[in-house]
Amino acid sequence: MGAGQLVAVFGAYGHTGRFVVAELVARGFVPVPSGRNAEALEELAAAHGLEARVASADDPASLDRALAGTVAVINCAGPFASTTGPVIEAALRARIPYLDVAAELEANLDTFANYREPARESGAVVVPAMAFFGGLGDLLATAAMGDWATADEAHIAFALSSWHPTAGTRLSGAVSRERRGSHRLRYRGGQWERRTDAAPTLEWTFPDPVGRRPVIGEFTMADVVTVPQHLSVSDVTTYMTTEAAREVVAPHTPAPTATDGTGRSDQTFLVDVLVRSGGAERRATASGQDIYAVTAPLVVEALDRVLTGRTKTVGVASAGEIFDAPDFLRALAPHITLDLHPRKETA
C-alpha cells in the first residue's frame, strides 16, 4: 500500500485522472492533483482533502514545483503529444518514476525514441501507455508468449459493448490524425508501414459470450507500439469491433455516463490475444467494465510495483517488459476476469 506517499497526478481532473486519484486514495497514497485548470483542480482537491498544484506542460518551473516532494508522477493529461516530453523531463530532473496512460501512437513512439537512452543512463523508470490500450494488451501478449523466445504474429482484438469517448479521447484522436495526415500505420515484418488504403473489415471469433463479430482489422492502437519494443514478434495487429469503431469517431456520440457509485459506465470489454509461432498458437483473454475506469487499477498497480522494486528493468519499458505479466494480471482480479489458457480459436 502507499503508506501516505505523495504521487503527482498531472491532468488529475480529467475523466481518467479522477479514477486514478480515487484508486490512489483507496490504496493509501496521497495524490497531488496537478494541471492547468486551477478551478477544476481546487474542486477535485477539496473533494478528497488534497493539495492542488497548478502546473502547465509549457512551464518547466511549474512542473518542478508540482513534482516537488513526490515519489512518482502519473501523467493523465492529453493530448499526450504535448505533455509526455515535458512531464518526463520534469520527472527525470526530480529523479522520480514516470508513468502515463497515453493511447496516442505517435506520443508513445516519441517516448521510446526520445527517452530510452536518457532514462536508461540515469537509471530512471518510464512506463508509457500503462492503461487499457497499451498496458493491458501488452501484459496479455507477454503472458500468452510464455516461454516462447519469438513468435510470428500477435493479434489483440477488442470487443467493446459501446465506446462513448471522453473529450480527452476526441482531442487525442484529432491530434493523432493531424500528425498522420492521410496515412494509417501498421506493423508488419518487424517494421512500421504507412498505408493509404482503408483498414480491412474482418470477422473475429471472441470467446463466449461475445462470439463471432465483425471487426476493423489493423485498427492500430498503443499495443502495437508497446509489444514489439520487447517481444520478438514479426507482425503485431490490433482489431476493434465495428460498432465501437464507428461510435468513437461519430460526432454526436455522447460522453460516458456513470451508472454506479464509482463513476463507471455500463460499457463492457473483452480483450482477446492470440499469439502464433509456426503451427502453434497460444491465447489469453481479459474482460471487465469501463475501459477508462480499469485504467486506474492498471496504472496504480504498476506504480506500486515500481516503488516496491518489483520490476525487471530500468529506462523506458513496456508493461510486459518491466513487470511479471502473469502475476500482474492476477493482481487485477477484482477488476478483470482473466483466462490465460482459454480454448483455441482462429480468426
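I began with the hairpin that strand 8 and strand 9 form, with two residues between them. I noted that Gly 189 in the turn has a positive phi of about 60°. Strands here are DSSP runs of E of at least two residues, and helices are runs of H or I of at least four, both numbered from the N terminus. I worked on a predicted model, in which local features need pLDDT of at least 70, side-chain atom pairs count only at pLDDT 80 or more, and totals for chains, interfaces and linings use all residues. Residues are numbered from 1 along each chain as its sequence is written, and side-chain values use heavy atoms, with hydrogens and water left out.

I then looked up the pairing of strand 8 (residues 184-188) with strand 9 (residues 191-195): they run antiparallel and are joined by five bridges. Two strands count as paired if DSSP finds at least two bridges between them. I found Glu 193 of strand 9 as the bridge partner of Arg 186.

Gly 78 to Pro 79 is a cis peptide bond with omega near 0°, and Pro 79 sits in the loop between strand 4 (72-75) and helix 4 (80-94). Asp 208 to Pro 209 is also cis, with omega near 10°; I placed Pro 209 in the loop between strand 10 (201-205) and strand 11 (212-216). Arg 95, a residue other than glycine, has a positive phi near 60°. I located Arg 95 in the loop between helix 4 and strand 5 (98-100). Most residues other than glycine have a negative phi, and most peptide bonds are trans.

I turned to the second largest pocket, which holds about 330 Å³ of space. A pocket is an open set of points on a 1 Å grid over the protein atoms alone, where a 1.4 Å probe fits, with protein on both sides within 12 Å along at least five of seven lines; lining residues have an atom within 4 Å of a point. The volume is the space filled by probe spheres set on the points, which are joined across faces, edges and corners. I listed 15 lining residues, of which Glu 23, Thr 262, Arg 264, Ala 293 and His 335 are the closest to the centre. Helix 1 (15-26), strand 14 (280-289) and helix 10 each give two or more residues to the lining, and helix 1 has the largest share, with five.

Last, I followed helix 10 (residues 291-307) to helix 6 (residues 132-145) and noted that their axes come within 10 Å.

Key: Axes fitted to C-alpha atoms, helices over the stretch in contact; angles between N-to-C directions.
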